[in-house]
Amino acid sequence: MGSAILLLATRWTVHADDPPYVPVPHSMYGIREFAPGIRIDWKAKAIEIDARVVLREGPLELFACSPQTREHESILSVSARPLHIFQAMGLIGLEAGSPARYDEQQDRWFPAGGEPLDLRVQWREDGRDRAIGPVAWMVEKQTGKPPEALRWVFAGSLMREEGGFGADADGTVVCVVDFDSALIALSVPHSADDAELWLTANSKEVPPVGTRCTLSVRSAYHPKLEVEIAAGGAFRSAGESLNAGQIGDLLTRNRDDRTPFLSVWHHPNLAESDVTRAVRELKDELRHRKIDPVVSMSVRLKKREAKPEDAGKD
């Protein structure tokens with residue numbers, strides 16, 4: 001235990017020549033440094049993380065890890081502190097869920113949850129800029145081919161009972177198997193047992209070890225709109241009253257290759273009939289726009305929640 005604490009303290013020691021950790025105000029646009037190794041692109045609502053290639057072949061438990069942790073089973077190593085990555089993701093509006101967890105009574109793993117994410121790796125090769133999704137750098141053990149799709153989620157790691165942020169200690173930044181401390185994880189369970197590891201590095205595609213690159217993280221949803229159901233079943237967003245058609249316009253405007261998402265809140269004191277009618281109206285509008293409400297809409301009670309990004313701040 002003592003050696004683990006010493007290693008953790010060494011890994012995240014702030015040296016005199018390190019840039020100060022000063023969070024950037026929301027009102028500043030463009031790409032700004034948030035913490036060492038992390039930048040926020042406020043306009044694109046994305047974060048950029050400095051990384052380098054540390055593995056080109058062999059079985060994988062992670063796509064990206066922290067230094068001095070799991071470089072023997074991770075393609076990338078990122079120098080940024082996982083807690084700071086967590087905080088930056090929260091600042092751009094990403095919602096953390098929970099990592100995969102093991103239930104002893106049922107003797108099974110439950111999958112990670114959280115906001116779906118879009119991950120990209122950017123680097124320079126032979127004088128030109130390259131950008132790919134992580135799936136291109138991995139292949140399935142059984143087929144030797146890249147997996148058809150990987151659904152990343154903002155699992156959010158956890159605070160340990162003894163104190164400390166789980167991903168800081170374990171280096172579990174972007175995981176492809178089940179870790180209870182994962183910051184970013186897959187939405188489908190995969191065993192971390194060595195005999196059951198399902199992915200290996202794609203040596204034909206991964207650039208040379210030491211290659212510096214940028215791991216960008218953003219919501220898999222775009223546009224992302226938050227709407228409140230008000231008294232009488234009316235809709236409000238950012239202080240303005242809207243009808244269902246206007247909400248549909250906002251969701252279909254400036255779309256890219258990502259999925260639009262509508263987060264709907266309502267106060268518990270609202271009449272159930274008003275909530276039911278408003279939700280039905282929004283679902284009908286989404287279907288009219290050929291947007292699947294099962295995938296692109298959530299409905300929740302409005303309540304005050306603690307902010308996890310405040311936990312463990314320096």
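Asn 243 caps the N-terminal end of helix H4, with a side-chain oxygen lying 3.1 Å from the backbone nitrogen of Gly 245. The model that shows this contact is a predicted one. Helix H4, which spans residues 244-252, packs on a sheet, and that sheet is an open one built from 5 strands with mixed pairing.

- The 5 strands stand in the order S20-S19-S18-S21-S22, and the edge strands, S20 (240-242) and S22 (297-301), each pair on one side only.
- From one strand to the next, the twist of this sheet averages 35 degrees.
- Strands of a sheet pair through backbone hydrogen bonds, and this pairing can be either parallel or antiparallel.
- Strand S18 (residues 221-229) pairs with strand S19 (residues 235-237) in the antiparallel sense, over 2 bridges, and in this pair of strands Glu 228 stands opposite Arg 236 of S19.
- The hairpin of S18 and S19 has 5 residues between its strands, and Gly 232 takes a positive phi there, near 80 degrees.
- With S21, by contrast, strand S18 pairs in the parallel sense over 7 bridges, and the bridge partner of Glu 226 in S21 is Ser 263.

**The two faces of S18**

- In a regular strand the side chains alternate between the two faces of the sheet.
- On S18, the covered face is made up of Tyr 221, Pro 223, Leu 225, Val 227 and Ile 229, while the uncovered face carries His 222, Lys 224, Glu 226 and Glu 228.

- Helix H4 touches S18, S19, S20 and strand S21 (259-266), and its direction makes an angle of about 160 degrees with that of S18.
- Which residues of H4 are buried? They are Ala 244, Ile 247, Gly 248 and Leu 251, and because they cover an arc of only 100 degrees around the axis, they lie on the same side of H4.
- These buried residues of H4 pack against S18, S19, S20 and S21, and also against helix H5.
- After H4 comes Asn 254, whose phi is positive, near 55 degrees.
- Helix H5 (residues 272-288) lies across S18, S19, S21 and S22, and runs at about 165 degrees to S22.

**Helix H2**

- Helix H2 (residues 82-91) is mostly covered, since 8 of its 10 residues are buried.
- The buried residues of H2 are Pro 82, Leu 83, His 84, Ile 85, Phe 86, Gln 87, Ala 88 and Met 89.
- Just after H2, Gly 93 takes a positive phi of about 95 degrees.

**The cysteines**

- A disulfide is a covalent bond between the sulfur atoms of two cysteines, and the structure holds 0 disulfides.
- Cys 65 is in no disulfide, and the nearest cysteine sulfur, that of Cys 175, is 9.5 Å away.
- Cys 65 counts as buried because its relative accessibility is 0%, and Cys 175 is buried with a relative accessible area of 0%, where the cut-off for a buried residue is under 20%.

Note on methods: Residues are numbered from 1 along each chain as its sequence is written. This is a predicted model: local features need pLDDT of at least 70, side-chain atom pairs count only at pLDDT 80 or more; totals for chains, interfaces and linings use all residues. Side-chain values use heavy atoms; hydrogens and water are left out. Two strands pair if DSSP finds at least two bridges between them. Helices (H or I, at least four residues) and strands (E, at least two) are DSSP runs, numbered from the N terminus. Axes are lines fitted to C-alpha atoms, for helices over the stretch in contact, and angles run from 0 to 180 degrees between N-to-C directions. Contact means heavy atoms within 4.5 Å. Buried means under 20% relative accessible area, exposed over 50%, partly exposed in between (1.4 Å probe, protein chains only). The arc is that of the directions from the helix axis to the C-beta atoms. A polar contact is a pair of N or O atoms within 3.5 Å; within protein, one must be able to donate a hydrogen and the other to accept it, and residues adjacent in sequence count only if both atoms are side-chain atoms. A disulfide is a pair of cysteine sulfur atoms within 2.5 Å.
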